Amino acid sequence: MFINGEWVDARSGATFAVINPANGEHLGDVPDGAREDAELAITAADAAFHDWSMTTAYERADVLMGAWTLMRERADALAHVMTAEQGKPLRASAAEVAYGADFIRWFAEEARRLTGEWLPSARSNQRFLSVQAPVGVVAAITPWNYPMSMLTRKMAPALAAGCTVVLKPAEATPLNARAIFEVFHDAGVPPGVINMITTSQPAPIGDVLTTDPRVAKLTFTGSTAVGRVLASAAGGSLKRISVELGGHAPFIVMPDADPVHAAKGAAALKFLNAGQACISPNRIYVHQDHVEQFTATMVERVERVKTGNGSHEGIGCGPLVNDAAVAKVEAQVDDAVAKGASALVGGSRLTDGELAAGHFFAPTVLSGVTTDMAIYREETFGPVAPIIAYDDPDTVVDLANDTNYGLAAYVYTNDLSTALRTVEALRFGIIGVNDVNPTSASVPFGGMNDSGLGREGAREGLLEYLETKTAGIAI
Ligand code: NAD
């Protein structure tokens, strides 16, 4: 763990094992932190806050630019850590390292654009000044699926704003978090400004982070169920809250779209990170005129995806995070098939040869998916593409909106008016139009309804770590 600028053990001396999900290899042991460790980390962050918040934006930007440079220099080593611990193919890990580093550069640049306002008064002998101040100590809890970029997306804006941080990474990916903390530490972030607690028992740590009055803000990325619990707890002490949660993305192929182009996009997107992405399409609505060609293209693409250990050449789909994840995907597929869907490719666990030692599910295309199937409502978080044929383009957006989630949505169309009208009607925070990667450090990322509160990235992502202060000045 990392507390007050030093790598430390848990006070209890306890550790837990880190396992490679592709082959069960024991990658090492990390400290198993408990409440007392979290309290020490908060004490360090609280003590460091005053001095860090008083640094100039130029100083903070320089430290962040240093971290960005280091992350790029270490890109190859970081990608190997990611693939070993999280499982995604090396190329995808390299892409995430680049994406994660970009948040650091973006917020380093934004740090220097923190401004205030000079506001009018009704009194001639009064002036108003409004400035933005860092919120204070930030508690950050992050998931395993994007184990580096979800850290930099929180830490970079927090540091740019002048906040200090206590971060708890997911228990599946502490080595990824350690590598990111090494980057920030080596870039010269002062002691106490960033702190990290690793643990195999997140609930007690979550309890400390959401109830300690010295913590001013909670930022969380993970499942809706856990986010709801943590946001409620943090609400008790009126902390600022941002939570990026689950999704159930619709992917709409309109009658005027090119079905082959759309299928290629859907295939590329769905199997990214073995489907373990919050913006992964979970309901693929294809107009009935296109469903045959779309499905054939998708199947042909998916048949070519090689599943296995992400560190091997040519692998397109890695393992799932653990056996519970495989069991969840399997249950959704079995439920869909029992209710009439067809698995045109894949459809089961993969256990042949060396895959038996990991957590693998075959890339799967399901056709004939209907509203009564669990997969139609529940987030899959696995490599399954459910295809639903529809006939009325005027009502397909209503179908897409019929979910409690509101994170990402996609529409394929060759008509500008249809594209704009669909973007306006979809109740989702992130929308791809003929585009399967509608994300970047420079744009807001986040969802509506059960998908969360607040935005990360872009200018909005920095404002989440700032309070507005107003000064009325009599002259
Ligand atoms: P999760 O909610 O189980 O875990 C997320 C984090 O919360 C981990 O660090 C975990 O240790 C911690 N946690 C779990 N229970 C806790 C508790 N009681 N107190 C404190 N911390 C606790 O989710 P996951 O399985 O790691 O991640 C997958 C989920 O994350 C999916 O639903 C996915 O859609 C979502 N996700 C969302 C985004 C987004 O930006 N919206 C990005 C990535 C992942």
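1. Ground rules. What you have here is a predicted model, where local features need pLDDT of at least 70, side-chain atom pairs count only at pLDDT 80 or more, and totals for chains, interfaces and linings use all residues. Residues are numbered from 1 along each chain as its sequence is written, and side-chain values use heavy atoms, leaving out hydrogens and water.

2. Who else is around the ligand? There are 28 residues around it, and T142, E171, S223, L245 and E379 come nearest (a residue counts if one of its heavy atoms lies within 4 Å).

3. The largest pocket. Its volume is about 1000 Å³, taken as the space filled by probe spheres set on grid points joined across faces, edges and corners. A pocket is an open set of points on a 1 Å grid over the protein atoms alone, with protein on both sides within 12 Å along at least five of seven lines, and lining residues have an atom within 4 Å of a point. The lining has 44 residues, with P143, W144, A170, E171 and S223 nearest the centre.

4. What builds that lining. α7 gives the most, 5 residues, where helices are DSSP runs (H or I, at least four residues), strands are E runs of at least two, and both are numbered from the N terminus. By class, the lining splits into 26 nonpolar, 12 polar and 6 charged residues, with Gly counted as polar. Domain 1 (2–245 + 449–474) and domain 2 (249–433) both contribute, so the largest pocket lies between them; the bounds come from an automatic or database domain assignment.

5. The second largest pocket. This one holds about 650 Å³ of space and is lined by 23 residues, among them P89, R91, G314, I315 and G316, which lie nearest its centre. α9 supplies the largest share, 4 residues. Here the classes come out at 11 nonpolar, 6 polar and 6 charged. Domain 1 and domain 2 each provide at least three lining residues.

6. One cavity to note. The structure holds 1 cavity of 30 Å³ or more, a cavity being a set of points where a 1.4 Å probe fits but cannot get out. Its lining includes G247, K270, N282, E379 and F381, and by class there are 2 nonpolar, 4 polar and 2 charged residues.
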